[in-house]
Amino acid sequence: MEENVNLEQEEMKEVEGQKKSLMGTLIYPVSIALILALFAGFIYYNKVVRVKEEKNKKFVQNDYGAKDLEDFENNFVTLGKYKGLTCEITQEMYDEYVEGDTVSYEQVKRAAKDSDQVSFNVIGFVDGKKEKDLKLEEQEVIVGEDTDGPFKVISDGVKGKKKGDVLENVKGINPKDISDSGKDYAGKKVTFNVEIGDVSERVEEKITDEWVEDNYFEEMGIKTTEEYYDYVKEELKNECIADLWQQVVDGSSIKKYPDDAYARIIEEVDADYNYAASEWGMELDDYKELMQMTDEDMEKEYENELASEMISYLIAYKENLQDIPKQKYEQWWEDNYEEYGYEKPEDMKEEYTQKDVERAIILERAANFVYENATIKESYKIKK
């Protein structure tokens, strides 16, 4: 009987041991699942929540007035398509670029013929009297090549004419193409004379190693024709980047221009125009008139500049291009100070802040991202 009691006690201990063992197998995976869940939450926080918080913290340092990146995207910018765009580098683009390097014009004392460059003035008359609003001065046309608007008529008309000749009562010129004011001349008798200036013939230099070295070695460090063609290819790529970026800007819209940023852009653009005017030895208003820039044109330029900047920031933050290491800033100063007319990077730093450089780098990164995600067609051949 005592043996039976001992046996029952042993069996009970075995059952309890099995229960404890079973509880252990249940508790252990539950604990692991809990730890994994907590770890996943930690990873999510660090990869998503904290990254978003850091982005917002960095983004609100801009002068756009948005409370965070989401507010900026919802209430300031409607971003258009910026991936999968197309740019074609055509034979015309290639030829035009190379001709800009190799073609010049030399004055001749003869009548104008095809491919000559002819300078001219246009004088408009309304009911027989000179009209200041209808004039063009110091214009140029290529005989037989200009095919648009009044230049087509003049290109055809100056052929066979010499310097000092006057084409009277030239037909086919629309006052709207000449007038700066947009004045309506309907119902009035409007006529135009064209005064012919210098006649110059086309001179094209042949691209050789010697020509490349003479024209490009000192400034660009290249001295062979192959290096020159690589350089042209890179410049055409830059034209393509600019074209694609303008497609992005044109395809997007700005819901609201931030006041502080807009005021800054006005100051920056006006400073550029003031500098250009001083280089020409002119007052700003005279320079704007020379460039045919009206107040409305300036307003459009302000808006386009700010739109481009705002769009570049939105793309940069959406594509994680916004972080700029310190050495990148230093490299930017080093790469650009000469182009901006400074003797050393330190001189440039006195006039441009790190925020200015950040905006330049962000725009460059965003534009390159658009290019790298676009379809590029090269339909030109190098003419050797």
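Trainee: What is the mean pLDDT of the protein, and what share of its residues reach 70 or more?

Mentor: Good place to begin! The mean pLDDT is 84, and 83% of the residues reach 70 or more. Keep in mind that this is a predicted model, and that pLDDT is the predictor's confidence in each residue.

Trainee: How many contacts beyond four places in sequence does the model have for residues 33-51?

Mentor: For that stretch there are 6 such contacts, and pLDDT stays under 50 there.

Trainee: Let's turn to helix packing. At what angle do α10 and α13 pack?

Mentor: Angles of 65 to 115 degrees count as roughly perpendicular. Here helix α10 (residues 295-318) meets helix α13 (residues 354-372) at about 70 degrees, and their axes are 8 Å apart. The two helices are therefore roughly perpendicular to each other. The crossing of α10 past α13 is left-handed.

Trainee: Which residues make the contact?

Mentor: From α10, they include Ser 308, Tyr 313 and Ile 315; from α13, Arg 359, Leu 363, Ala 366 and Phe 369 are among them. By type, the residues of this contact divide into 8 nonpolar, 2 polar and 4 charged.

Trainee: And Gln 322: is this residue buried or exposed?

Mentor: Buried means under 20% relative accessible area. Gln 322 has 6% relative accessibility, so this residue counts as buried. You will find Gln 322 in the loop between α10 and α11 (326-336).

Trainee: How far apart are Gln 322 and Ala 366 in space?

Mentor: Their C-alpha atoms are 9.4 Å apart, while in sequence the two are 44 residues apart.

Notes. Residues are numbered from 1 along each chain as its sequence is written. This is a predicted model: local features need pLDDT of at least 70, side-chain atom pairs count only at pLDDT 80 or more; totals for chains, interfaces and linings use all residues. Side-chain values use heavy atoms; hydrogens and water are left out. Axes are lines fitted to C-alpha atoms, for helices over the stretch in contact, and angles run from 0 to 180 degrees between N-to-C directions. Helices (H or I, at least four residues) and strands (E, at least two) are DSSP runs, numbered from the N terminus. Angles under 35 degrees count as roughly parallel, over 145 as roughly antiparallel, 65 to 115 as roughly perpendicular and the rest as oblique. A crossing is left-handed if the near helix is turned anticlockwise from the far one by less than a right angle, and right-handed if clockwise. Contact means heavy atoms within 4.5 Å. Ala, Val, Leu, Ile, Met, Phe, Trp, Tyr, Cys and Pro count as nonpolar, Asp, Glu, Lys and Arg as charged, and the others, Gly among them, as polar. Buried means under 20% relative accessible area, exposed over 50%, partly exposed in between (1.4 Å probe, protein chains only). pLDDT is the predictor's confidence in each residue, from 0 to 100.
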